[in-house]
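Reader: Could we go through this structure together? I would like to begin with some terms.

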Amino acid sequence: MTKFKIYYFLLFIPLIISCSILKNNNSHIADKKATRKTRILYDNLFKLLDKGIMFGHQDDLAYGVEWKYEKDRSDIKDVTGDYPAVYGWDIGGLEKDSPNNIDGVPFDKMKNWITEIYNRGGVNTISWHMDNPYTGKNSWDTTPNSLASILPNGEKHQLYITWLDKAADFFNSLKGKGGKKIPILYRPFHELTGNWFWWCKNNGSPKEFKELWKFTIDYWRNTKKVHNLIIVYNTADFMTKEDFMEYYPGNDLVDMLSFDNYIYKNPTEDSTYVKNCQRQLQIMNEIAKENHKIPAFAETGYEGIPYENFWTETLLNAIGNYKISYVLVWRNHGWQEKENKMHYYAPYKGQASEKDFIKFYNLDKTLFQKEVSKINLYKK
């Protein structure tokens, strides 16, 4: 190569490098230092909106109705022969060094399941029913000033930092094949528009909540180097766009939008659930398009599923034609001794809605594990 050619080749090296960097960082994910796998998953979730809705189930691999910790078992798999596409977990209890989470799931087993799910192409989402740091009681203790107590200069701020450290260590320890960190859809302070948790809107102003959210995410990103989280903003009920956005911390701190809504009345006699979901989805999807975020239905379900056609009629009618990333139903705990009742939200073999759920599974628009594994959400 002549000196002339070498000179021009060297001139183009910075351009080549900068183009490569731009190519690797053109994701709309809020964390600009997000791991490569996390960016890829986020971008692929956007693309998947045009294909269908992933089905999710809380604690799916941990236990089901009348079973617990059985290898490769799942109530969803018992019914359909396939696993969900999305798996929900909760890290409540991590803050007090408990070996088990709030629902009795051992954290060591949870980490193994999260890894197994990632390795086969599934998606993990995590919430945190953390104790009230102000009183030491549980998440449902709404003592005034609880939220304010953990803000910078608050009396429980340093305690809160130790909790964030433990969660950061947990997130950073989640690694799949090749030692790469596993991307997680994380829902901070979920159901924030409710009034039942210490972090809900009844216990803090929008300014305080946004400050807490920003501190939490910035601390993890900048101090603890946690870069494998896709951050999911999650509300309970809301009536208007203003309600949904009142506590919104900003586009640089959020990747996905979602809400939780459960059904409590017989859908053949009461259409409130369907109407409310349609209203909320319309509002949320409008906001998602304006802010280039991914919408999702983060929690729902009908305890005991007494209506046989819940899946293909009620739930599908509630979602309508709106494009959402996933819909997740709550856990299949089984018999609750204290409450003296069954507590489950997904069908199991022989359950009344089993046949309808199989119809739901076979729809083109519903996506389960086998389909997302073929798509490979962790590959460009």
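Author: Helices (H or I, at least four residues) and strands (E, at least two) are DSSP runs, numbered from the N terminus. The model is predicted, so local features need pLDDT of at least 70 and side-chain atom pairs pLDDT 80 or more, while totals for chains, interfaces and linings use all residues. Residues are numbered from 1 along each chain as its sequence is written, and side-chain values use heavy atoms, without hydrogens or water.

Reader: Which element gives the most to the lining of the second largest pocket?

Author: Helix α8 does, with 5 residues. A pocket is an open set of points on a 1 Å grid where a 1.4 Å probe fits, with protein on both sides within 12 Å along at least five of seven lines; lining residues have an atom within 4 Å of a point.

Reader: Which residues lie nearest its centre?

Author: Of the 14 residues lining the second largest pocket, Leu49, Asn285, Lys289, Pro295 and Lys323 lie nearest its centre.

Reader: And what about the largest pocket?

Author: The largest pocket is lined by 32 residues, and Tyr262, Tyr264, Trp330, His343 and Tyr345 lie nearest its centre. Strand β8 (256-263) supplies the largest share of that lining, 4 residues. Helix α8 (272-291) is among the elements giving at least two.
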